[in-house]
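Here is a short report for someone opening this structure for the first time. Keep the sequence and the 3D view at hand while reading.

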Amino acid sequence: MNSKSYTLDGIGEVVVRKHHQARRITIKLRPGQPPRVVIPQLMAFEMGFRFAVEKRDWIVTHLKQIETITKSAIYDEDNGFSSRLHTVRFKRCNIWCVQAVRAEGGYEMRFPADTDFTDSAVQQRIRLFLTEMLRAEAKAYLPDRVAQLAQHFGFKYNNLSVKNVHTRWGSCSAQNNINLNVHLMRLPEYLSDFVILHELCHTVHKNHGTQFHALLDKLVGGNEKKLDKELNKYKIGL
Ligand SMILES: [Zn+2]
């Protein structure tokens with residue numbers, strides 16, 4: 001017998017498995033599977049279970065993370081990613097460690113041949129890469145675009161920062177410093193412009209009062225409500 005099941009309060013089934021190559025205790029979490037504690041061959045199963053009990057809080061937190069990841073898109077060989085400027089494909093290759101290389105239209109992210117794309121660590125790594133790619137695109141594109149729109153419509157602002165936040169597309173401070181989200185690079189240009197114009201209107205009107213909406217609506221040709229609805233269909237984050 002090489003594995004044994006236990007029940008852990010608040011988690012349910014936990015499998016302790018002996019592995020001849022294991023030198024220490026590790027916990028493996030996979031979507032849709034019970035947590036697995038891998039222990040060295042000569043260790044007693046009970047020790048593995050006790051380790052899981054000690055790490056219960058850690059397991060609960062990470063299971064929740066995995067759940068949110070599996071609810072969002074899974075990137076794999078059949079499911080690439082596209083920003084406004086680049087396409088990223090994911091591929092298994094005969095290599096030892098992950099590489100990202102320039103490819104036609106964007107990038108190719110290469111993984112070792114035995115990579116399991118349902119592994120949350122792999123998805124985490126992909127998201128990290130995509131976020132950095134979006135950040136680079138945003139830094140190259142947004143400053144000029146904001147300057148253009150500001151000049152065209154006669155707005156003045158101080159600083160522009162590009163950020164990766166999960167709550168909003170943009171913001172404008174009392175000092176007219178504008179923050180824009182790197183995820184604007186996933187939107188079509190007219191929606192990204194809509195967000196920029198929204199923030200530029202805040203350099204004149206600080207709240208979302210009647211005057212603010214009247215100004216913004218005028219700048220987007222009476223389409224504020226329609227554009228707002230469209231924007232809401234996009235999730236911030238990957
Ligand atoms: Zn606003």
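## The second largest pocket

The lining of the second largest pocket holds six nonpolar, four polar and three charged residues. This is a predicted model.

H2 supplies the largest share, five residues. Two domains also meet in the lining of the second largest pocket: domain 1 (3-71) and domain 2 (81-132) each contribute at least three residues.

## Domains

How is the chain divided? It has domain 1 (3-71), domain 2 (81-132) and domain 3 (134-232). Taken over C-alpha atoms, the centres of domain 1 and domain 3 are 46 Å apart.

## The zinc site

Which residues hold the protein donors of the zinc ion? They are His198, His202 and His208, each through its NE2 atom. The donors lie 2.0 to 2.1 Å from the zinc ion. Along the chain, their spacing reads H-x3-H-x5-H.

His198 and His202 both sit in helix H4 (residues 189-202). They are separated by about one helical turn, because they are four residues apart in that helix.

Are His198 and His202 buried or exposed? The cut-off for buried is under 20% relative accessible area. His198 has 19%, so it counts as buried. His202 has 7%, so it is buried as well.

## The largest pocket

His198, His202 and His208 are among the residues nearest the centre of the largest pocket, together with Gly170 and Glu199. In total, 16 residues line this pocket. Strand E10 (170-172), H4 and helix H6 (224-232) are the elements that give two or more residues to its lining.

H4 provides the largest share of that lining, with five residues. The space in the largest pocket comes to about 300 Å³. By class, its lining has five nonpolar, six polar and five charged residues.

## Strand pairing around E11

Strand E11 (residues 178-181) pairs with strand E9 (residues 160-163). These two run parallel and are joined by four bridges. Lys163 has Asn181 in E11 as its bridge partner.

E11 also pairs with E10, this time in the antiparallel sense over three bridges. Here Cys172 has Ile178 in E11 as its bridge partner. E10 and E11 form a hairpin with five residues between the strands. In this hairpin, Asn176 takes a positive phi near 60°.

## The four-stranded sheet

In what order do the four strands of the open sheet lie? The order is E5-E6-E8-E7, with mixed pairing. Strand E5 (81-82) and strand E7 (99-103) are the edge strands, and each pairs on one side only.

E5 pairs with strand E6 (residues 87-93) in the antiparallel sense. Two bridges join them. Phe81 stands opposite Val88 in E6.

Note on methods: Residues are numbered from 1 along each chain as its sequence is written. This is a predicted model: local features need pLDDT of at least 70, side-chain atom pairs count only at pLDDT 80 or more; totals for chains, interfaces and linings use all residues. Side-chain values use heavy atoms; hydrogens and water are left out. Donors are N, O and S atoms within 2.8 Å of the metal (3.2 Å for Na, K and Ca); water is not among the atoms, so sites may look incomplete. Buried means under 20% relative accessible area, exposed over 50%, partly exposed in between (1.4 Å probe, protein chains only). On a 1 Å grid over the protein atoms alone, a cavity is a set of points where a 1.4 Å probe fits but cannot get out, and a pocket is an open set with protein on both sides within 12 Å along at least five of seven lines; lining residues have an atom within 4 Å of a point. Grid points are joined across faces, edges and corners, and a volume is the space filled by probe spheres set on the points. Ala, Val, Leu, Ile, Met, Phe, Trp, Tyr, Cys and Pro count as nonpolar, Asp, Glu, Lys and Arg as charged, and the others, Gly among them, as polar. Domain bounds come from an automatic or database domain assignment. Two strands pair if DSSP finds at least two bridges between them.
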